[in-house]
Amino acid sequence: MCIRDSPTVNYSSTSNKIISVENKVFVLETNGEIEIGGLKKTFTVLLNCTYDDEMKTISFVGRKDITMSMFNIEKPTAFFGQLKTMDELNVIFNMSFTKQ
């Protein structure tokens with residue numbers, strides 16, 4: 001499959017668990033499904049989280065290593081196949097939410 005055919009990536013959380021807390025920092029284990037190109041895969045992701053009382057903001061940072069082949073994505077090439085990409089992808093999560 002070519003990623004241009006279905007460029008959307010969706011993540012749906014099925015369960016979350018705080019696994020450690022220290023002051024205003026905690027680690028969240030989130031389980032869910034990542035959907036790419038119509039294929040869904042179940043993953044567990046650890047997120048480092050912080051809460052800022054003054055700004056009323058919560059932030060989540062994490063990463064998950066996946067491969068294009070997990071989702072049947074053709075690896076892109078350039079220069080008539082002379083430049084090739086690796087199969088590995090590093091998905092980085094960096095989200096912040098502020099209470100209004």
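A word on the ground rules: residues are numbered from 1 along each chain as its sequence is written. Since the model is predicted, local features need pLDDT of at least 70 and side-chain atom pairs count only at pLDDT 80 or more, while totals for chains, interfaces and linings use all residues, and side-chain values use heavy atoms, with hydrogens and water left out.

**Salt bridges**

There are 2 salt bridges in the structure (a side-chain nitrogen of Lys or Arg within 4 Å of a carboxyl oxygen of Asp or Glu). Here they are, with relative accessible areas alongside; buried is under 20%, exposed over 50%, and partly exposed in between, using a 1.4 Å probe and protein chains only.

| Pair | Closest N and O atoms | Relative accessible area |
|---|---|---|
| D53 and K24 | 2.7 Å | D53 42%, K24 42% |
| D65 and R63 | 3.0 Å | D65 46%, R63 48% |

D53 forms its salt bridge with K24, and this pair links distant parts of the chain: D53 is in the loop between β3 (39-52) and β4 (57-67), K24 is in the loop between β1 (9-22) and β2 (25-36), and they are 29 residues apart. Strands here are DSSP runs (E, at least two residues), numbered from the N terminus. D53 counts as partly exposed because its relative accessibility is 42%.

**The largest pocket**

How much space lies in the largest pocket? About 150 Å³. A pocket, on a 1 Å grid over the protein atoms alone, is an open set of points where a 1.4 Å probe fits, with protein on both sides within 12 Å along at least five of seven lines; lining residues have an atom within 4 Å of a point. The volume is the space filled by probe spheres set on the points, which are joined across faces, edges and corners.

Among the lining residues are V9, Y11, I34, I66, M68, L89 and F93. Strands β1, β2 and β7 (88-98) each give two or more residues to this lining. By class, the lining has 10 nonpolar residues, 1 polar and no charged ones; Ala, Val, Leu, Ile, Met, Phe, Trp, Tyr, Cys and Pro count as nonpolar, Asp, Glu, Lys and Arg as charged, and the others, Gly among them, as polar.

**Two more residues**

T67 is in strand β4. Not counting residues up to four places away in sequence, T67 touches D87, E88 and L89 (heavy atoms within 4.5 Å).

E22 belongs to strand β1 and counts as exposed because its relative accessibility is 58%. E22 and F60 are 38 residues apart in sequence and 15 Å apart in space, C-alpha to C-alpha.

Technical notes:
Helix = DSSP H or I, 4+ residues; strand = E, 2+ residues; numbered from the N terminus.
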